[in-house]
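Have the model open beside you as you read.

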Amino acid sequence: MYLGRMTPPAPSLRDTNLDKLAALRFDVLVLGGGINGAVSAAALAARGAKVALIDRGDFASVTSQQSSNLAWGGIKYLETYEVGLVLKLCRARNRLLRAYPSTVKEIRFFTSVARGFRHNRLKLWLGALLYWAIGAFYTRRPRLLSARDIAFEEPIVETSGLAGGFEYSDAYLYDNDARFVWGFVRSALDHGCVAANYVEALGSGRTKEGWVTRAREVTTGRELTITSSLLINACGPYADEVNARDGISTAHRHVFSKGIHIIVDRLTPRRRVLTFFADDGRLFFVIPMAGKTCIGTTDTRVERPEVEVTPEDREFVLENINKRLRLPRPLTGSDIIAERCGVRPLVVSGSANGGRDWMQLSRKHAVDTDAPRGRITVFGGKLSDCLNVGEEICAEVRRLGVELPQPKRAWYGEPPKPVREEYFHQARLMDLDALTTPHASEKLSSRLWRRYGAEALGLLEAVRRDPRQAEVIIETSEYIRCELDEAARREMVVKLEDFLRRRSKIALVVRKEEIHAAPGLREACGILFGEEQIEAKIAEYFGSAAAPAWRQAASGAV
Ligand SMILES: Cc1cc2nc3c(=O)[nH]c(=O)nc-3n(C[C@H](O)[C@H](O)[C@H](O)COP(=O)(O)OP(=O)(O)OC[C@H]3O[C@@H](n4cnc5c(N)ncnc54)[C@H](O)[C@@H]3O)c2cc1C
């Protein structure tokens, strides 16, 4: 019998980071792990700062998981003659397209214009040409469309009452917004950032040495104190509240606009965004999402960031889409697979309230610095503009006296070409794509590369060692066994929702009841959380009802 000492199980990355948060002193503490906090942490860590990042929920669990998944150059701001903003956004979009060719992809926007619309289609098409030019002709050329072209190329579009349309290019996030944000968090971790989700900042005070932040680990209630020279408030729609609590006043503040999307089975086989002008005159999109279609969005002014989809919101989206598409039968609530809902934190100056031109209020960002106190707040912003935010934060942090040892170091982008070539070479040699499941929306090799970059080489090794690692666990999803191992080891999954909704997009494209009924769900939970946690994690996610309220109501189920 072996009587030696047993080695205790290795702590998780998150457990280790929780200890480090309390034990170390940081150059910068970033509050909030949405896109703005994630790029701030990734840029600063890559350039050599000692950075900590906390979020009171999961990373990207607020606004940054509710977007339209578009990285766009802001064509609509041409209507308000904000050419400078469009130029900046187009450049940011092009940089994303160059840096993330497998994640941020060009896509065509197939736009229909109704007769009598406030601008005629020729004027809009000229606008699209100007947009293309402002975008340095980086994308494919716009096309003018007649109503007949539209009927021929996209028969699903209702053409009665149409003047015609035009087609232009922008970009979209192939996976989804939350996964995109996670990529920056992971990259920050790779450069030594001490990050942890489910850690809430309770209040920060300035001392002679810097900032002292009282925080609470949300799942256990454990309190900790984090010290840093500078503090970045990237709390999105909660940024004003966090500043007010810490006694900080700023030149900017947020107002909120609520937007919702619904996801339904795929409406058209062509991978393009169908674009309409909704009844309220706003752009309205039908966007491909894996094998499904995402429809939205709305724009309603609200006072608070906590929002949910109301029956009126749902009705607005369903009514607008049913009017504009020629469907075999109108879409109803029972067709909805999942819903998304959030507020856009829109930046305004001082006591301005966004004025009467609410929908024209542009989506700029502002980096607001309190230099004497070493505090920076990020207001507004877009996923599309995130690389600019990262650069601006680095410049501000240096201005506030924190040395960045590698101030010019590249902090974003996919791994270099030789790594990519090696990965695809190995994937071909082992015939990885033959293991792609029949219902998958793309080849396995492309998907693993996009999601894991250089780490995907390790996944190939796992599949070579044990071919069962390439089996899909949660039936009807595309995720294979070794990806769950990867998520458990490297992706800080605390709750089942973190994996289903943000590290993957399973919860967006598979109905909740189907996930609940999937025989593989328990194995997936076992890999993510350990055998003893399976039931608790499933109960936490599904609660008592597997079917969401809108579908229960729509189907008459109790
Ligand atoms: C309907 C809709 C559609 C959109 N479409 C697009 C689009 O297509 N393209 C695009 O580029 N942009 C789009 N946007 C805008 C974009 O999503 C947001 O501007 C962006 O996600 C905001 O990111 P953020 O990091 O500022 O905020 P958030 O993502 O909200 O992150 C803030 C984080 O701070 C955390 N936090 C709050 N308080 C605390 C605390 N006390 N301690 C610790 N953490 C805290 C929160 O948990 C949260 O995770 C859209 C937005 C909406 C709502």
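The questions below set values against definitions, one topic at a time.

Q: How do you know which features may be discussed?
A: This is a predicted model, so local features need pLDDT of at least 70 and side-chain atom pairs count only at pLDDT 80 or more, while totals for chains, interfaces and linings use all residues. Residues are numbered from 1 along each chain as its sequence is written, and side-chain values use heavy atoms, with hydrogens and water left out.

Q: Why is the chain called as compact as a globular protein of its length?
A: Start with the inventory: the chain has 19 helices and 18 strands (DSSP runs, H or I of at least four residues and E of at least two, numbered from the N terminus). Its radius of gyration is 24 Å, close to the 24 Å that the globule rule gives for 558 residues, so the chain is as compact as a globular protein of that length. The radius is taken over C-alpha atoms, and the rule is 2.2 Å times the number of residues to the power 0.38. Along the principal axes, the C-alpha atoms fill a box of roughly 80 × 60 × 55 Å.

Q: Why is glutamate 483 called buried?
A: Buried means under 20% relative accessible area, exposed over 50%, and partly exposed in between (1.4 Å probe, protein chains only). Glutamate 483 has a relative accessible area of 1%, so it is buried. This residue lies in helix H13 (residues 481–490). Across the whole chain, 57% of the 558 residues count as buried.

Q: What makes the pair of glutamate 483 and arginine 451 a polar contact?
A: Their side chains make this contact at 3.2 Å. A polar contact is a pair of N or O atoms within 3.5 Å; within protein, one must be able to donate a hydrogen and the other to accept it, and residues adjacent in sequence count only if both atoms are side-chain atoms.

Q: How do you know that asparagine 69 and aspartate 431 fall into their accessibility classes?
A: Asparagine 69 has 5% relative accessibility, so it counts as buried. Aspartate 431 has 48%, so it is partly exposed. Asparagine 69 sits in the loop between strand E2 (51–54) and strand E3 (70–71), and its phi is positive, about 65 degrees, although it is not a glycine. Aspartate 431 is in the loop between helix H10 (417–429) and helix H11 (444–452), with a positive phi near 55 degrees.

Q: What makes E8 and E9 a pair of strands?
A: Two strands pair if DSSP finds at least two bridges between them. E8 and E9 run antiparallel and are joined by 7 bridges. Valine 199 stands opposite glutamate 217 in E9. Their hairpin has 4 residues between the strands, and glycine 210 takes a positive phi near 145 degrees there.

Q: What makes E9 and strand E10 (residues 223–233) a pair?
A: They share 6 bridges in the antiparallel sense. In E10, threonine 225 is the bridge partner of arginine 214.
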